[in-house]
Amino acid sequence: MNISYISYTQLVTYLRCGRWYQFKYVDKIALPTPSGIVLGRAVHAGIETNYKHKLETGEDLPIDSLLDAYNDSFEETALEVDVWELPKEREKDLGYKLLKAYHPKISKTVKPILVEEEEWINDPELKLNVIVKKDVETKDSIIDIKTISRLPETIPFDYELQLAMYSLYTGKRKVQLHALGKKHLKAKVLHKEFNDEELSSFREVLKQAVRGIRAGVFLPTGVNHKWACAFCEYGKLGLCEFWREK
Ligand code: SF4
């Protein structure tokens, strides 16, 4: 299979399960919008509104402006959802609480120089473009913002992979994960500075994945992880012959 670009989402999908990648990016089988992404996308919209304003004025917005942006995004994405895992209003309320936990404590520590920028960076050795979607960039760091269930002690592997990709292609070694935890309704900042060894190890992972995709190797590796098949909609819809309930 020929590919001329790769994003973090494509890479992490391939590493999670080759068959999953094949369903999504080769066969292009679209799935219904899961209710779980509505809150995360809307929280992101609230925070993004603040940092875009700060980029222009140097000032943070009042919390009400973030909550308005959150509300608009939530209602817009909610139109795409047929089935809610949690009642919609309960889910929406969680997002308000998360923004109130994040904004007063963390926004004031960030001085953005770029917000929500997507760059396509050519990699001549891999003969493709790498898509770098930065949530926020500061003078010395790349920041990614995630809404997750529980706040971790260190940056989880999936997110570290994303930050390594962006670090490698932007040259910024320092990264931050701004994590908003739904379970305890708290927010925290996790820091990391990549060294040469970590970035060259990540590059090898990327090279091998690109080689596998180009060779059409789509192994059902999800069966090896307890969680992968359990969260895989292709499996739940009966499209994957390897899916089994765990
Ligand atoms: S059901 Fe399991 S093996 Fe099949 S695509 Fe999904 S994660 Fe991969």
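Which residues in α1 meet which residues in α2? I started there: Q10, T13, Y14 and R16 in α1 meet G18, W20, Y21, K24 and Y25 in α2. I counted two residues as in contact if their C-beta atoms, placed from the backbone, lie within 7 Å. By class, this contact has four nonpolar, three polar and two charged residues. For the classes I took Ala, Val, Leu, Ile, Met, Phe, Trp, Tyr, Cys and Pro as nonpolar, Asp, Glu, Lys and Arg as charged, and the others, Gly among them, as polar.

**Basis**

I worked on a predicted model, in which local features need pLDDT of at least 70 and side-chain atom pairs count only at pLDDT 80 or more, while totals for chains, interfaces and linings use all residues. Residues are numbered from 1 along each chain as its sequence is written. The helices (H or I, at least four residues) and strands (E, at least two) are DSSP runs, numbered from the N terminus.

**Entry: helix packing**

I noted the geometry next. Two packed helices are described by the angle between their axes and the distance between the axes. Helix α1 (residues 8–16) and α2 pack at an angle of about 135°, with 5 Å between their axes. That makes α1 oblique to α2. The scale I used calls angles under 35 degrees roughly parallel, over 145 roughly antiparallel, 65 to 115 roughly perpendicular and the rest oblique. Axes are lines fitted to C-alpha atoms, for helices over the stretch in contact, and angles run from 0 to 180 degrees between N-to-C directions.

I then looked up α1 against α7. Their angle is about 75° and their axes are 10 Å apart, so the two helices are roughly perpendicular to each other. On the α1 side I found L11, Y14 and L15, which meet L206, A209, G212 and I213 in α7. This contact divides into six nonpolar residues, one polar and no charged.

**Entry: two residues of α7**

R211 lies in helix α7 (residues 196–214). I list R211 as exposed because it has 11 C-beta neighbours inside 10 Å. The cut-offs are 20 or more other C-beta atoms within 10 Å of a residue's own for buried, 12 or fewer for exposed, and partly exposed in between, with C-beta atoms placed from the backbone. R211 and M1 are 210 residues apart in sequence, and 9.8 Å apart in space, C-alpha to C-alpha.

K207 is also found in helix α7. With 13 C-beta neighbours inside 10 Å, K207 counts as partly exposed.

**Entry: strands**

Strand β2 (residues 114–123) and strand β3 (residues 128–137) run antiparallel and are joined by nine bridges. I took strands as paired if DSSP finds at least two bridges between them. E118 has K133 in β3 as its bridge partner. Four residues stand between the strands of this hairpin, and in it K127 takes a positive phi near 55°.

I found eight bridges between strand β4 (residues 141–148) and β5, which run parallel. K146 stands opposite A179 in β5. Six of the eight residues of β5 are buried, so β5 is largely enclosed by the rest of the structure.

**Entry: positive phi**

Most residues other than glycine have a negative phi. K28 is not a glycine, yet has a positive phi of about 55°. K28 lies in the loop between α2 and α3 (36–57), and counts as exposed with 7 C-beta neighbours inside 10 Å.

L185, not a glycine either, has a positive phi of about 55°. L185 sits in the loop between β5 (174–181) and β6 (186–193). I list L185 as partly exposed because it has 14 C-beta neighbours inside 10 Å.

**Entry: ligand shell**

I looked up what surrounds the ligand and found 14 residues, the closest being C17, G222, C232, G235 and C240. The elements giving two or more residues to this shell are α2 (18–26), α8 (226–231) and α9 (233–236). A residue counts as near if its C-beta atom, placed from the backbone, lies within 6 Å of the molecule. By class, the shell has 11 nonpolar residues, two polar and one charged.

**Entry: F242**

F242 lies in the segment after α9. F242 counts as partly exposed, with 15 C-beta neighbours inside 10 Å. Leaving out residues up to four places away in sequence, F242 touches R19, P220 and V223.
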